[in-house]
Amino acid sequence: MKLAEALQERADLNARIEQLRRRLTGNVLVQEGERPAEDPAALMTEFEECVNRLEYLMDRINLTNCTVTADGKTLTEWIAHRDCLHLKIKVYREMLAEASSTTRRATRSEIKILSVIDVREKQKAVDDLAKELRLTDNRIQSVNWTTDLME
């Protein structure tokens, strides 16, 4: 199994586990004399199987990510770099949105609000970060599709 396939299965399992959680909590109480729409015991069995498979995949994915390298860095390092790029871009885009907003004044005597940063310059820097993020994500995806999951 390729690493990318394991990542997809992990995402599917997380969605399935959440669905089972909702179904479980929705079928544990019934009015006296009634039956639940689904058997909680069967749902718990399926839930346990999904969680066990998820634990196995998470273990294998983490082991693979810590071992496999690309351009001198482990996948774990690439993922950490990607996550930090996401964070930087998010914060800087929020800052730029605020710095770019214009304040309307009804009269010339009202206080004028000015940006204290060079929005154009910082936008260029954020665009460069976004390009680096795309390239980093492409590198990670490429390795994910060419790397076998460690057993």
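Reader: Which residues have the most contacts inside the largest nonpolar core?

Author: First, a caution: this is a predicted model, where local features need pLDDT of at least 70, side-chain atom pairs count only at pLDDT 80 or more, and totals for chains, interfaces and linings use all residues. Residues are numbered from 1 along each chain as its sequence is written, and side-chain values use heavy atoms, with hydrogens and water left out. A nonpolar core is a set of buried (under 20% relative accessible area, 1.4 Å probe, protein chains only) Ala, Val, Leu, Ile, Met, Phe, Trp, Tyr and Cys residues joined through side-chain atoms within 4.5 Å. The largest one has 18 residues, and those with the most contacts inside it are Leu57, Ile61 and Leu149.

Reader: Which element gives the most to this core?

Author: Elements here are DSSP runs, numbered from the N terminus: helices (H or I, at least four residues) and strands (E, at least two). Four helices, α1, α2, α3 and α4, each supply at least two residues of the core. The one that gives the most, with 6 residues, is α1.

Reader: What does Leu149 touch?

Author: Contact means heavy atoms within 4.5 Å. Residues up to four places away in sequence are not counted. That leaves Met1, Lys2, Leu3, Ala6, Leu57, Arg60, Ile61 and Thr64.

Reader: What do the buried residues of α2 pack against?

Author: Helix α2 has 28 residues and reaches 40 Å from its first C-alpha to its last. That is close to the 40 Å expected at 1.5 Å a residue, a span taken as 1.5 Å times one less than the number of residues. Its buried residues include Pro40, Leu43, Cys50 and Leu54. They pack against α1, β2 and α3.

Reader: Is Asn65 buried or exposed?

Author: Asn65 sits in helix α2. Leaving aside neighbours within four places in sequence, Asn65 is in contact with Leu3, Thr74, Leu75, Thr76 and Ile79. Its relative accessibility is 9%, so Asn65 counts as buried.

Reader: And is Thr74 buried or exposed?

Author: Thr74 belongs to strand β2. Beyond four places in sequence, Thr74 touches Asn65, Cys66, Val68 and Thr69. Because its relative accessibility is 17%, Thr74 counts as buried.

Reader: Is Asp71 buried or exposed?

Author: Asp71 lies in the loop between β1 and β2. Its phi is near 55°, a positive value in a residue other than glycine. The cut-off for exposed is over 50%. At 61% relative accessibility, Asp71 therefore counts as exposed.

Reader: Which elements give two or more residues to the lining of the largest pocket?

Author: On a 1 Å grid over the protein atoms alone, a pocket is an open set of points where a 1.4 Å probe fits, with protein on both sides within 12 Å along at least five of seven lines; lining residues have an atom within 4 Å of a point. The lining includes Ala4, Leu7, Asn65, Ile79, Arg82 and Trp145. The elements asked for are α1, α3 and α4.
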